[in-house]
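Q: Could you walk me through this one? I'd like to start with the strands and then move on to the helices.

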Amino acid sequence: MNTNDSQQQQMIREAMKAIAERKPGRTKLVYDKTKRTIVAVSESDQTPRALNITADDADMFAEVTLSNRWLQERWSQITRDGKIPIRFSSWDNGDAFTQCDLGPMPAASVVEGVVILGEDAIGSTDVKVRVVLTRSEASPSDPSTFVAPDSSVHSAKGWQYVDGKRQSIAITIVDVQPALDARRATILETSVLREKSVVCFGVGTGGAHAVLELAKCGVGRIALVDPDRLSVGNVVRHPGGISQVGRLKVNVMRDLILEKNPDAQVLVRDVAITHENLEMFKLLIAEADLVICGTDNRPSKLLINKLCIEANVVGVYGGAFRRAYGGQVLRVRPKRSPCQECFVAAMPEESADVEVSSVAAADDIAYSDRPVAIEPGLSLDVLPIANMLTKLALLELLDDMPTSLSILKRDFDAPWYLWLNRPEPGTQYADFPPLSESSDEMTINRWYGIYFERDPACSACGDFVGSVAASYGINLTSEELPLLPSKE
Amino acid sequence: MWTSDQQQRLLLEHRILQQEGFSQFSVYRNQATDSYSASGTTSSNSGRRYTLYIPIPVGFPLQRPAMYLTDPLPLYAADGRRVSSFGVSHEMHTLTPLANGAVQLCHWRDNRWHSNILLQKVFLKGIIWIEAYEQHLATGLPLANFVRTMAETI
């Protein structure tokens, strides 16, 4: 049984709102076991008035969500034509309709709708979802109220047509960006991130999670570089899902970022991170406030490291150890902290301990007579590393802006961070004491900030040629570079 | 195309080769193609002569330079097969050969290479490979038996 009793609808709506807000309301919904129906009870009545509705009537509370900004931007068209077409993702058999323009990933089922100004005079039932705006004195804070650019206030009501029958639906008009900003504002008391630009080289599991978290924090400009496509095996770790298999990872991540931060500007480049694309990378890095390197091989890390130093852009490098038994994050402040080359020189074993999570990574170290198995770690073991990488990136992007995170600068002043998920047999960490028994020894599940010095003779951030020449007693100070011997 | 940093580095590499006992090897510039290479002919302990050739990649020193044994060509293994036929082989410490059959010697893999490594060390590994190769010829045992897998070193 469906109901068109407006008082009943209003009571039910109030009761549902009270339930959603977890606070007492004037009306309540109770389930009458004997009648197998939901009963709306109004406490304001002398005698509680029960309004019998069946479970079918719950369908009337299908939710329609549409964008306040979209309506604002089309207000002149709406007033001119009296209506405007709109498309909705239809979720869960018509339980929710979300305006397609809100995000980049609509549902598999999309329905046509219309926003009508004034009375619903459209006879056709082909248009499934109708939103009718009527002038009212409703509070602008009501989620179904729309304040037009001319300051006129409109109350929105909605209907959907099911089997030719009209059913009431609840309308929520959302102002996306302010709503997102409000949820971040208690920790990130600044909108500075909206103007910040991040380039992420490598959007495998680690890089993908990092950029997604930065997008959630409100970073406004993100460039993604990765040539790979999402495979079925990736899905157990990557934010991209099985529905996206075969797509370029940069495109998958672009859409996921826009799902979280619709106003973000996302640039994608599906190219290999090699010297062949050097000029492209120089341009990207020159525009960036920060670079994230989530690649899993040394040549790309050293390449990005060199370019970041030349452009004086901070780089944050993350990586999992083999089978993700642990991982590490290196933050490079050019010429002020050790760089990737310094790290390789200072900690050769740690820098060479990498996860083999793809065919390409295995091929890099395999021989035809000594194959290397692909042994990716678990997503839950990679995520702590991605989270740490993100936090270091966030602190760099916030710079000296006073936020609730500023206090972390005292905790995160080391250049290199080590994390261990488990005491992996065959490693130097195999004999770690159990977590519960250790007070001052290293254990799993803790971050360790490790200090080491820049190498003044580093070939990337120091004076390698000068230092080596001096150590060999070679004079290279002549202004003109002498010609090397020529050979045809 | 070549930065002044790269040119300075290549000049340094050449000077070190000449000054530190590796004067059989030189860094060369091909003016016609504006490219660089390092090469030279060295003698093994048994007196046999081998030519090593390193084309300098455009990304040097960030990019790992490949090292090829270009003479004798072809190079034969103890069982009579061409060494180039082993391809990327751990037992023979070789990587992908040139199209003409010149064997690529494995010195550092890409995942171990870094730009603080001097060409002098690369040639040193080439010389070590040649000595191991002659032991392989003498015994028939895999070349890897005579060359420990290169540990990460500066």
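A: Ser37(B) stands opposite Pro55(B), a residue of S3(B), where strands are DSSP runs of E with at least two residues and helices are runs of H or I with at least four, numbered from the N terminus. This is a predicted model, in which local features need pLDDT of at least 70, side-chain atom pairs count only at pLDDT 80 or more, and totals for chains, interfaces and linings use all residues. Residues are numbered from 1 along each chain as its sequence is written, with chains lettered from A and ligands numbered from 1 in the order in which they are written.

Q: In which sense do S2(B) and S3(B) pair, and over how many bridges?
A: They pair in the antiparallel sense, over seven bridges; two strands pair if DSSP finds at least two bridges between them.

Q: And what's the strand order in the open sheet of chain B?
A: Its six strands run S1-S2-S3-S4-S6-S5, with antiparallel pairing, and the edge strands, each pairing on one side only, are S1 and S5 (94–95) of chain B.

Q: Switching to H2(B): what do its end C-alpha atoms say about its span?
A: The 21 residues of H2(B), 119–139, should span 30 Å at 1.5 Å a residue, and the end C-alpha atoms are 30 Å apart, which agrees; the expected span is 1.5 Å times one less than the number of residues.

Q: What comes just after H2(B)?
A: Gly140(B), which takes a positive phi of about 80 degrees.
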